[in-house]
Amino acid sequence: MAAESMSGGKSKPRLRRWVGTSLAVVVVLIATLVGWTLYQNTYDIREEKVTITGGSVPLQGVLALPEHGDGPFGLVVFVHGDGPVDATHETFYRPVWEAFAKAGYASLSWDKPGVNGAPGNWLDQSMDDRAAETEAAIEWARGRSDIDPSRIGLWGASQAGWVMPKVVNLDPDVAFVIAVGPAINWLQQGEFNTLAELSERNASADEFEKARVDRARNLDQLARDASYDDLVASGEADGLAEDRWNFIRKNYRSDARADLETVKVPVLLIIGGQDVNVDVADTERVYRELLDSPGQLVVKKYPDATHSIVEKDLEDSELMSALVAVLAPRSIFAPGYLADQTAFLEGIHG
């Protein structure tokens, strides 16, 4: 009985104390983590939900203003890349908005048509449609007393490279352009992307040959302006949705050169050295060739960054990129990316 009492009875209070202490530590750690996450995801901006009118359909937007002051502020109008992008790009834009706010600029962005219940379908748009939509947003913003109409410019990524030069040509009062990983020619960009992705995963010679044959067939279908029904009948739809095929039909002739060569405003070109979506060497060459006014073009390169200007090692790890996006979202981008854009904006009217 004594032995039984010694082995069991007296250890229970110690066990309860250990469990209680451990639970307290866990609670403190969780509270600290939650507090840190909230702190890291709180930005020095004031976000206002807005309805942007004046275009073909109303746009559901977000206006991100500097945290303090009544303005008038400069404004950066965001032009999305490809895909069903919402106004915040799933919060990916917020660190950029905060950086711009530090330079005295507000930011304006909106859900693409059809995203988050917005009217329309973004896949129905041509690049000209997107330019007209952006110009309507600029005109709407000029009607606000807290926006300085002389300091309105554009920020855009990837596919926006075909949109922003059109907007500048539509609107001579646009003050600047920030272009992140823009492509020059639609078809060349598509071919580069296919080959770069195959090379990155060490694809076989058969896979490269299949890609070449598939591309030739697609180009033939586009040249004949084949309908989606034609594509299905030929067995070449390969899971491609009808609205996506029609989007490609509208836009595959896109080339930025003609619009770029008439752009005379300051341009910041941002490119990642590990970009497999866009041939950034070709993009840089064309931008330098066509934007040749003294001091007009500033080029910032991030050698280890991908198309999203996230360092490749980080982007390649789903776990690490997810953790950084939640716990330190300002650090998701390549070092210098936010500061370089802030410096560019501060120099526009400096």
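A: Happy to! Helix α4 (residues 127–142) contributes the most to the lining of the second largest pocket, giving four residues. Helices (H or I, at least four residues) and strands (E, at least two) are DSSP runs numbered from the N terminus. This is a predicted model, where local features need pLDDT of at least 70, side-chain atom pairs count only at pLDDT 80 or more, and totals for chains, interfaces and linings use all residues. Residues are numbered from 1 along each chain as its sequence is written, and side-chain values use heavy atoms, leaving out hydrogens and water.

The second largest pocket holds about 210 Å³ of space. Of its 15 lining residues, Ser56, Val57, Pro113, Gln125 and Glu133 are the closest to the centre. A pocket here is an open set of points on a 1 Å grid over the protein atoms alone, where a 1.4 Å probe fits, with protein on both sides within 12 Å along at least five of seven lines; lining residues have an atom within 4 Å of a point. The volume is the space filled by probe spheres set on the points, which are joined across faces, edges and corners.

Now the backbone. Most residues other than glycine have a negative phi, and most peptide bonds are trans. The peptide bond from Gly71 to Pro72 is cis, with omega near 5°, and Pro72 sits in the loop between β2 (59–66) and β3 (73–79).
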